[in-house]
Amino acid sequence: MSRIAFIGGGGFAKEAREIALLRGYEVVGYTGKPQGILHAPYWGTNDALLDHAGDFDSVFVAFGAVNRASLEARRDMISWVDGHGLAMEPLVSPHATISAGVSIAAGALVAHGVVVSVDARIDRCAILNTGAIVGHDATIGAGAILAPGAFVGGTAAIGDHSLIGPGVIVLEGRRVGSFVVAGLGSTVVRSIADGATVMPQRSRVLNG
């Protein structure tokens with residue numbers, strides 16, 4: 001059984017742990033804030049990983065992002081892991097649908113109910129959360145996050161460390177830059193530049 005250590009112990013880590021266990025990993029410990037949610041030994045701050053280097057085979061960055069600041073924090077942690085030469089492996093739920101020709105890089109997570117269509121590419125440390133859909137030949141950049149229910153059309157590209165929120169639709173062939181935040185329920189109908197924020201129009205109440 002391969003041993004994996006988590007960086008982060010919150011709710012997302014709990015979901016990732018379930019996938020790791022289904023894939024035959026042993027989650028041997030975690031670092032970061034001691035939230036106490038994750039059912040694994042707490043080792044302390046992230047530097048403790050270096051003290052426990054002989055106790056695990058790979059690490060997983062087990063916290064997500066909800067805004068640009070947390071996207072940057074996640075990017076910095078991935079750089080820290082790489083800088084210390086710690087190995088990462090992808091975590092792919094057995095309840096996801098992965099088509100032929102799909103590539104999934106180290107450190108990525110593909111959650112339950114995700115559909116990834118033919119020849120799509122999922123880059124290093126990307127997160128495809130529950131029920132996300134990725135179309136044919138699409139690219140999800142390094143560290144990018146698709147929230148639950150997000151849809152990325154065929155041949156579309158999501159830039160590095162972007163956050164595609166719950167229920168967001170990115171139409172076929174569109175390009176979303178790096179560090180973009182697309183808010184809940186947005187529809188991306190044109191390509192988006194780096195660092196942009198996309199928000200949906202507010203709902204209106206009719207006849208009531």
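A residue is called buried under 20% relative accessible area, exposed over 50% and partly exposed in between, using a 1.4 Å probe and protein chains only. By that rule Arg75, with a relative accessible area of 29%, is partly exposed.

This is a predicted model, where local features need pLDDT of at least 70, side-chain atom pairs count only at pLDDT 80 or more, and totals for chains, interfaces and linings use all residues. Residues are numbered from 1 along each chain as its sequence is written, and side-chain values use heavy atoms, leaving out hydrogens and water.

Let's look at the charged pairs. A salt bridge here is a side-chain nitrogen of Lys or Arg within 4 Å of a carboxyl oxygen of Asp or Glu, and the count comes to four salt bridges. Among them are these:

| Pair | N to O distance |
|---|---|
| Asp76 and Arg75 | 3.1 Å |
| Arg124 and Asp82 | 2.5 Å |
| Arg121 and Asp123 | 2.8 Å |

How exposed are the partners? Asp76 is partly exposed at 43%, and Arg121 is partly exposed at 40%. Asp123, at 18%, counts as buried.

Now for a residue with a record: an unreviewed UniProt entry annotates His136 as "active site"; such annotations are given in the numbering used here, with shortened feature names, and may be inferred rather than shown by experiment. His136 is partly exposed, with a relative accessible area of 31%. Beyond its neighbours within four places in sequence, His136 is in contact (heavy atoms within 4.5 Å) with Ser117, Val118, Gly154, Thr155 and Glu172.
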